[in-house]
Amino acid sequence: MSAAVARAPIVVIRRARRDDVETIVKMLADDALGGPRGRLETPLPAAYLAAFERVDRDPNLTLVVAEGEGGSVVGCLQLCILPGLSSQGASRGLIEDVRVASDCRGRGIGEQLVRWALAEARNRGCRLVELLTHHTRVDAQRFYERLGFVRNHVGMTIRF
């Protein structure tokens, strides 16, 4: 058992609700890469709530949170199930937007979230799970490699 799991707090991983959106947005914006992409305003911009509604309605998308003691949201991720023709028509899982609240990092919460996503993807028939992480997130890369992910692709993006 890894040291992170040995000291991991008990969290409940549950489907995100509309009232979690503000906390999720804050976690997504809580670093040098996410900060410029986000808009932390009160009230929260309507685009976030509209996006949440689209995600919540899509049966191939699952946005979950890790709920800690007292019901506080301390982590999140989104699992996307992507049907496809490659690999003999196998679906693949895509893990996105993995975040743990800055004051809760290093406690095994992220590992619990990712392990939940892997199990869920397997249960939903995926033969492969992928994720992308920015090349500057070296700590995240070590974390994912420790969980068994292998560097084997070159990610490319275009922003509009």
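**From the surface to a helix pair**

Modeller: Glutamine 88 is exposed, because its relative accessible area is 78%, over the 50% cut-off. Bear in mind that this is a predicted model. Glutamine 88 sits in helix H4, which covers residues 86-89. Its backbone is worth a look. Phi of glutamine 88 is near 60 degrees, which is a positive value in a residue that is not glycine.

Aspartate 97 also has a positive phi, near 50 degrees, and is likewise not a glycine. Aspartate 97 belongs to strand E4, residues 91-100. Its relative accessibility is 37%, so aspartate 97 counts as partly exposed. That value lies between the 20% and 50% cut-offs.

The protein has six helices and five strands. Along the sequence they follow the pattern α-β-α-α-β-β-α-β-α-β-α. Of the 160 residues, 36% are buried. Take the contacts between residues at least 6 apart in sequence: 61% of them join residues at least 24 apart.

Arginine 14 lies in strand E1, residues 12-15. Arginine 14 counts as buried because its relative accessibility is 14%, under the 20% cut-off. What does its side chain meet? A polar contact of 2.7 Å links the side chains of arginine 14 and glutamate 67. Leaving aside residues up to four places away in sequence, arginine 14 touches Asp20, Leu63, Val64, Val65, Glu67 and Val73.

Now the helix itself. H5 runs over residues 109-123, 15 residues in total. From first C-alpha to last, H5 reaches 21 Å, close to the 21 Å expected at 1.5 Å a residue. Its buried residues are Ile109, Gly110, Glu111, Leu113, Val114, Ala117 and Ala121. An α-helix has 3.6 residues a turn, so residues three or four places apart point the same way. Just after H5 comes glycine 125, with a positive phi of about 90 degrees.

Which helix does H5 pack against? Its partner is H6, residues 138-146. Two packed helices are described by the angle between their axes and the distance between the axes. Here the angle is about 55 degrees and the axes are 11 Å apart. That makes H5 oblique to H6. The crossing of H5 past H6 is right-handed. Gly110, Glu111 and Val114 of H5 make the contact with Phe143, Tyr144 and Arg146 of H6. On the H5 side, Gly110, Glu111 and Val114 are among the buried residues.

Tyrosine 144 lies in H6. Is tyrosine 144 buried or exposed? Its relative accessibility is 9%, so tyrosine 144 counts as buried. Leaving aside residues up to four places away in sequence, tyrosine 144 touches Val98, Val114, Leu131, Thr133 and Phe149. Val114 is the H5 residue in that list. Leucine 131 is 13 residues from tyrosine 144 along the chain, and their C-alpha atoms are separated by 9.1 Å.

Terms used. Residues are numbered from 1 along each chain as its sequence is written. This is a predicted model: local features need pLDDT of at least 70, side-chain atom pairs count only at pLDDT 80 or more; totals for chains, interfaces and linings use all residues. Side-chain values use heavy atoms; hydrogens and water are left out. Helices (H or I, at least four residues) and strands (E, at least two) are DSSP runs, numbered from the N terminus. The expected span of a helix is 1.5 Å times one less than its number of residues. Buried means under 20% relative accessible area, exposed over 50%, partly exposed in between (1.4 Å probe, protein chains only). A polar contact is a pair of N or O atoms within 3.5 Å; within protein, one must be able to donate a hydrogen and the other to accept it, and residues adjacent in sequence count only if both atoms are side-chain atoms. Contact means heavy atoms within 4.5 Å. Axes are lines fitted to C-alpha atoms, for helices over the stretch in contact, and angles run from 0 to 180 degrees between N-to-C directions. Angles under 35 degrees count as roughly parallel, over 145 as roughly antiparallel, 65 to 115 as roughly perpendicular and the rest as oblique. A crossing is left-handed if the near helix is turned anticlockwise from the far one by less than a right angle, and right-handed if clockwise.
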